[in-house]
Amino acid sequence: MRTPYYQYDLGILEETLKAIRRNTAGHPDWHVHYAIKANANPLLLKLINEYGLGIDCVSGGEIQTALDNGFPASSIVFAGVGKADWEIDMALKAGILCFNVESEAEMDVIAERCSALGTTAHIALRVNPDVDAHTHANITTGKAENKFGIEIPMLMPIIRKARQNPCFRFEGLHFHIGSQILDMEPYRLLCRKVNELQDQLEEEGVKINSINVGGGLGIDYENPEDNPVPDFDGWFNIFRDGLRLRPGQQLHFEPGRAVVAQCGRLITKVLYVKQGTIKKFAIVDAGFTELIRPALYGAHHKIVNLTSNGPLMKYDVVGPICESSDIFGKDELLPEVHRGDLIALMSAGAYGETMSSCYNCRPLPPAVTL
Ligand SMILES: *Cc1c(COP(=O)(O)O)cnc(C)c1O
């Protein structure tokens with residue numbers, strides 16, 4: 001098979017989906033929407049659909065992909081700070097479950113499009129809870145300085161406006177504080193903020209049908225073999241114990257990375273071993289065109305030599321792209337590397353294939369399942 005390519009282990013995906021089902025089975029009011037931006041490969045979507053998850057979208061293209069892959073419109077929620085008019089129209093025509101609205105200006109446009117199309121929309125307001133997820137700066141989303149959501153001091157007048165407009169059914173509140181969150185404290189803090197806000201809104205006579213706590217659960221990038229299934233038990237427990245939901249209230253979740261990251265790896269071949277004066281480089285045929293997380297977030301994926309069991313030696317593992325940031329690992333200890341060895345970049349199922357590009361006129365990577 002031509003390298004580089006993505007390889008997905010559907011067994012690991014299924015174990016992960018079972019962990020989600022185990023936690024949600026006793027809660028008919030809980031709804032899990034998989035954040036499709038993490039991975040939109042149809043082979044994965046098919047299994048995710050079979051386990052009854054809905055979809056969280058951030059673009060019209062994602063809505064179309066979800067529909068094309070058999071997810072019912074009634075399972076789709078739609079977030080994003082910059083929804084274009086055609087994307088709003090598409091969502092309205094499809095009849096999605098809920099728009100997660102990120103600004104008053106966006107709400108006005110959705111109302112306009114509803115009138116133009118003679119339809120109505122279920123909306124929730126995305127709240128910026130000013131909670132620090134303590135994750136990488138580029139993937140924290142719930143601080144006042146981030147572009148996402150509506151800040152709490154500005155919320156009430158917008159809720160009032162939403163409730164007065166006959167185009168809308170006001171569903172409730174949406175939150176999403178960041179990504180790759182392993183410390184559960186930010187989620188506890190989020191629960192406290194949600195509880196406080198609910199109490200406040202209740203005093204103002206606002207009824208909340210649904211709370212959406214977003215996604216962000218992290219995964220173990222350094223020991224994927226030991227921890228193939230993320231801590232969904234711990235994560236769901238935080239909300240089970242921490243949120244004071246009212247009777248009949250619906251609770252929505254939007255995990256992306258945690259569902260698919262561990263089931264995928266990027267397989268690449270060593271093209272050259274280059275000895276420098278101070279470094280040895282293993283030059284592989286994958287670059288940030290296939291897996292951009294190291295270049296974009298300073299992320300590290302565990303690197304495994306699938307071919308060699310020679311003595312351990314140190315390498316910088318680098319790609320072929322004409323950019324200095326095209327590095328997968330520095331001073332990696334690997335069994336002696338030779339031209340032609342196959343290398344696996346582990347935990348690459350999330351934000352890997354979906355973020356791949358054609359920079360340098362490279363072809364997009366194919367994918368296979370195990
Ligand atoms: C990206 C995103 C998610 C999923 O985040 P993960 O860190 O992959 O779990 C959930 N909700 C919204 C609104 C998002 O933008």
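A residue is near a molecule if one of its heavy atoms lies within 4 Å of it. In this predicted model, 16 residues surround the ligand, and the closest are Lys 37, Ser 179, Glu 254, Arg 257 and Tyr 351.

## Ligand site

The shell around the ligand divides into 5 nonpolar, 6 polar and 5 charged residues. Tyr 351 places an N or O atom of its side chain 2.5 Å from an oxygen atom of the ligand. Glu 254 has a polar side-chain atom 2.6 Å from a nitrogen atom of the ligand. With Gly 256 the backbone takes part: one of its polar backbone atoms is 2.9 Å from an oxygen atom of the ligand. The ligand taken alone exposes 390 Å², and the protein buries 95% of that area.

Glu 254 and Tyr 351 are both among the closest residues to the ligand. Domain 1 covers residues 10–261 and domain 2 covers 262–369.

## Nonpolar core

The largest nonpolar core has 97 residues. Within this core, Tyr 34, Phe 99, Leu 173 and Phe 239 touch the most other members. The element that gives the most to the core is helix α7, residues 185–203, with 6 residues. Both domain 1 and domain 2 give residues to the core, so the core lies between them.

Thr 3 and Pro 4 are joined by a cis peptide bond, with omega at about -5 degrees. Pro 4 belongs to the segment before β1. Most peptide bonds are trans, and most residues other than glycine have a negative phi.

Strand β1 spans residues 5–8 and contains Gln 7. Is Gln 7 buried or exposed? Gln 7 is buried, because its relative accessible area is 10% and the cut-off for buried is under 20%. Its side chain makes a polar contact of 2.7 Å with the side chain of Arg 265.

Asp 9 sits in the loop between β1 and α1, the latter being residues 10–24. With a relative accessible area of 25%, Asp 9 is partly exposed. Glu 15 lies in helix α1 and is also partly exposed, at a relative accessible area of 43%.

## Backbone exceptions in loops

Where is Asp 130 placed? Asp 130 is in the loop between β6 (121–128) and β7 (150–151), and its relative accessible area of 37% makes it partly exposed.

Asn 360 lies in the loop between β16 (342–345) and β17 (367–369). At 35% relative accessibility, Asn 360 counts as partly exposed. The loop between β16 and β17 also holds Ser 356. In contrast to Asn 360, which is partly exposed, Ser 356 is buried, with a relative accessible area of 16%.

## Sequence separation and spatial distance

| Residue pair | Separation in sequence | C-alpha to C-alpha distance |
|---|---|---|
| Ser 356 and Glu 290 | 66 residues | 4.6 Å |
| Asp 233 and Arg 22 | 211 residues | 8.6 Å |
| Asp 9 and Asp 331 | 322 residues | 28 Å |
| Glu 15 and Glu 323 | 308 residues | 38 Å |

The buried residue Ser 356 has its C-alpha 4.6 Å from that of Glu 290. Asp 233 lies in helix α8, residues 232–242, and is partly exposed, with a relative accessible area of 34%. The C-alpha atom of Asp 233 is separated by 8.6 Å from that of Arg 22.

Asp 9, in the loop between β1 and α1, is 28 Å from Asp 331. Glu 15, in helix α1, is 38 Å from Glu 323.

Conventions
Residues numbered from 1 in each chain as written. Predicted model: local features only at pLDDT ≥ 70, side-chain atom pairs only at ≥ 80, totals over all residues. Heavy atoms only, no water. Polar contact = N/O pair within 3.5 Å; in protein donor to acceptor, adjacent residues only side chain to side chain. Areas by Shrake-Rupley, 256 points an atom, 1.4 Å probe, with all protein chains shown as cover. Nonpolar A, V, L, I, M, F, W, Y, C, P; charged D, E, K, R; others polar. Core = buried A, V, L, I, M, F, W, Y, C linked by side-chain atoms within 4.5 Å. Buried < 20%, exposed > 50% of the residue type's maximum accessible area, 1.4 Å probe, protein only. Helix = DSSP H or I, 4+ residues; strand = E, 2+ residues; numbered from the N terminus. Domains from an automatic or database assignment.
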